[in-house]
Amino acid sequence: MSGPLFQTQQLFVAFGGLSALTGLDLEIEQGRIIGLIGPNGAGKTTAFNAITGIVKPSAGRVIFRGEDITGFRAPVIARKGIARTFQNIRLYGDLTVVENVMVAGHSSVTYSIFEAVLGVGRFGADERRIRKKAEHLLSLIGLMEVAGERASALPYGSQRKLEVARALALDPILLLLDEPVAGMNPSETIEFRELLLRLHSDLKLTIGLIEHDMGFVMSICHKIKVIDHGIPIAWGTPHEIRHNEKVIAAYLGQGD
Amino acid sequence: MISCARTTVTRDRILTASAVAVLLLFIWFADSTFDAYSIRVLNFVAIYIILAVSYNLINGVTGQFSLEPNAFLAIGAYTSAILTLTPKDKAAIFFIKPMAWPLSEICASFPVSLLAAGAVTAFLAFLMAVPVFRVRGDYLAIVTLGFGEVVQVVAENLISVTNGSLGLKGLYPHTNLWWSWGICIITVVCIVRLVNSSYGRAMKAVREDETAAQAMGINAFWIKTLAFTFSAFFEGVAGGLMGHLITTISPKLFGFLFTFNLLVIIVVGGLGSTTGSIIAAILFVVGGEFLRLVDEPFAIWGYEYPGIPGMRMVFFSAILILVMLFARSGIMGRNEFSWRGLFDLTRRLIRGDLLGKHGASVGHNVIALSARISQLFRRRG
């Protein structure tokens with residue numbers, strides 16, 4: 001496998017006549033943390049949705065580990081090793097915290113429904129393995145004390161963390177985080193940053209993230225892509241992005 | 001900690017096994033001492049539990065609103081009836097038009113016919129699920145509602161198979177308490193085990209948030225199809241049991257009212273709770289029989305009540321309205337029965353602290369407040 005771990009080539013997404021994303025080229029090399037930023041409505045979440053198969057790209061290609069995965073269905077892409085979190089937290093509210101993480105273990109289940117119904121064969125071993133792994137991830141992320149609570153009863157910051165734990169249960173190679181620190185206070189953000197860096201090095205993750213908290217993005221990302229109105233306008237290191245005139249203009253508006 | 005969890009599991013298993021033993025003992029007792037009417041009611045309780053629990057799997061657990069149990073019940077009843085009737089019976093019943101050839105000669109035992117009823121129903125459900133679950137939304141409700149009507153029309157017009165609107169008469173009353181309650185127990189065990197497996201978690205994830213479930217590698221289409229087919233199997237078996245309980249089946253019997261009743265049961269029980277479905281099914285059948293007394297004339301405190309046929313449905317509706325007003329999530333919400341829950345409840349009942357922690361704080365406040373008020377009065381005095 002040569003070339004980057006993950007690549008989009010001229011990715012377009014259009015909803016009817018509205019083009020939400022216009023020609024996104026994004027490369028993520030193995031082991032990197034990449035930021036995707038831009039003003040509200042720039043098409044960042046649309047890009048994530050197109051990559052993970054939640055919306056169908058209208059044109060372009062998505063290549064992951066040398067394989068063209070454009071237009072694959074969301075569960076297939078998830079099983080290939082791209083996990084994500086959602087901007088508007090989408091937990092399974094009525095399930096417990098540990099069950100939320102265990103759901104992501106379903107793709108690794110080897111027992112059939114008949115084994116499940118009879119409680120024989122690989123059922124017991126598989127269930128133990130999935131639960132153990134979920135509990136391990138919860139303790140890694142610091143939510144083990146609330147494992148038995150309903151997910152919807154958790155405070156906001158913990159729900160964000162739970163989304164990450166659930167995504168990690170897929171054993172992802174590439175983890176996509178959609179505004180992971182939105183709504184967190186500064187100390188929570190710093191704590192989350194530490195957690196993310198620890199996961200990045202411990203689990204050998206490659207991470208792509210969308211975020212509006214510039215301090216967070218600049219301090220954690222190796223490279224940053226900026227898009228505005230669906231159009232990519234800049235690509236570079238945090239330092240380059242900070243001094244890019246187009247980026248400043250996009251965020252602050254252009255004077256005469 | 002682990003060993004503690006293991007002993008709890010063993011304890012729960014022993015308790016469950018003894019509960020089943022007590023239930024079987026009760027059935028044996030009922031079978032040998034109860035009158036025919038009570039036995040019939042008990043049979044219906046078992047059949048309604050099977051139907052409610054399997055209907056809850058697709059509507060409550062997987063969250064896919066469907067309206068088909070009457071159709072599956074009909075298919076199951078017809079399939080098993082066609083199989084258990086002997087060639088001689090069939091020749092006698094089909095006097096408008098003789099029965100189509102291979103069917104007229106087939107004859108199978110009751111258990112085989114029940115399995116066939118389940119299999120045929122599950123297969124049809126699978127065929128229906130494949131196009132329907134390709135799209136999201138309420139299509140399932142519309143398609144399944146239409147399917148119920150189609151089944152009735154087919155049953156009325158496919159005379160060489162179903163004997164049309166005359167129906168099938170003279171089925172041997174195979175269904176007894178052992179069959180109905182035995183299958184009821186098997187159904188409940190199967191569905192509870194399925195719900196508590198990874199497949200069940202995937203079903204609940206699809207209910208809670210389909211997009212997020214897909215993003216976690218769950219093929220929502222297959223999970224929905226699985227839940228639908230699984231519930232159809234047991235609904236078909238229940239149809240076979242019902243046919244051999246009432247011994248006469250006709251297309252008109254399996255109207256939409258069945259589906260409506262089951263919908264009421266699973267909503268009142270708590271959508272998504274298997275325990276709730278069981279409790280509500282028992283209350284529905286037994287309560288429905290009990291409320292028959294308002295249909296008949298009686299005298300109370302000198303007032304002569306004339307007895308209005310259908311009055312019990314008014315009572316039923318009133319109870320339903322009350323449930324929807326004051327206990328919107330049903331009897332159980334989405335909670336399930338557990339031995340630990342039962343022990344906690346009895347402990348609290350003994351302590352007289354039914355509302356738990358919250359109740360305790362309310363009680364505490366009431367005491368504090370009354371102490372305050374009494375203080376005020378003392379000062380004035």
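Helices (H or I, at least four residues) and strands (E, at least two) are taken as DSSP runs and numbered from the N terminus, and on this basis chain B has 17 helices and two strands. The model is a predicted one, in which local features need pLDDT of at least 70 and side-chain atom pairs count only at pLDDT 80 or more, whereas totals for chains, interfaces and linings use all residues. Residues are numbered from 1 along each chain as its sequence is written, and chains are lettered from A and ligands numbered from 1 in the order in which they are written.

The C-alpha trace of chain B spans about 95 × 70 × 40 Å along its principal axes. Of the 381 residues in chain B, 40% are buried, a residue being buried if 20 or more other C-beta atoms, placed from the backbone, lie within 10 Å of its own, exposed if 12 or fewer do, and partly exposed in between. With contact defined as C-beta atoms, placed from the backbone, lying within 7 Å, 80% of the contacts in chain B between residues at least 6 apart in sequence join residues at least 24 apart.

Beyond its neighbours within four places in sequence, B:Ala52 is in contact with B:Leu262, B:Ile265, B:Ile266, B:Ser277, B:Ala280 and B:Ala281.

In chain A, an open sheet of six strands is arranged in the order E6-E7-E8-E3-E9-E10 with mixed pairing, where two strands pair if DSSP finds at least two bridges between them. Strand E6 (82–84) and strand E10 (231–236) of chain A form the edges, each pairing on one side only. Within the sheet, strand E7 (residues 174–178) and strand E8 (residues 206–210) of chain A pair in the parallel sense over five bridges, and A:Asp178 stands opposite A:Ile210 in E8(A).

Between the chains, 22 residues of chain B are in contact with 29 residues of chain A. On the chain B side, the elements that give two or more residues are helix H9 (177–195), helix H10 (198–208) and helix H11 (210–215) of chain B, and H10(B) gives the most, with seven residues.

Technical notes:
Two residues are in contact if their C-beta atoms, placed from the backbone, lie within 7 Å.
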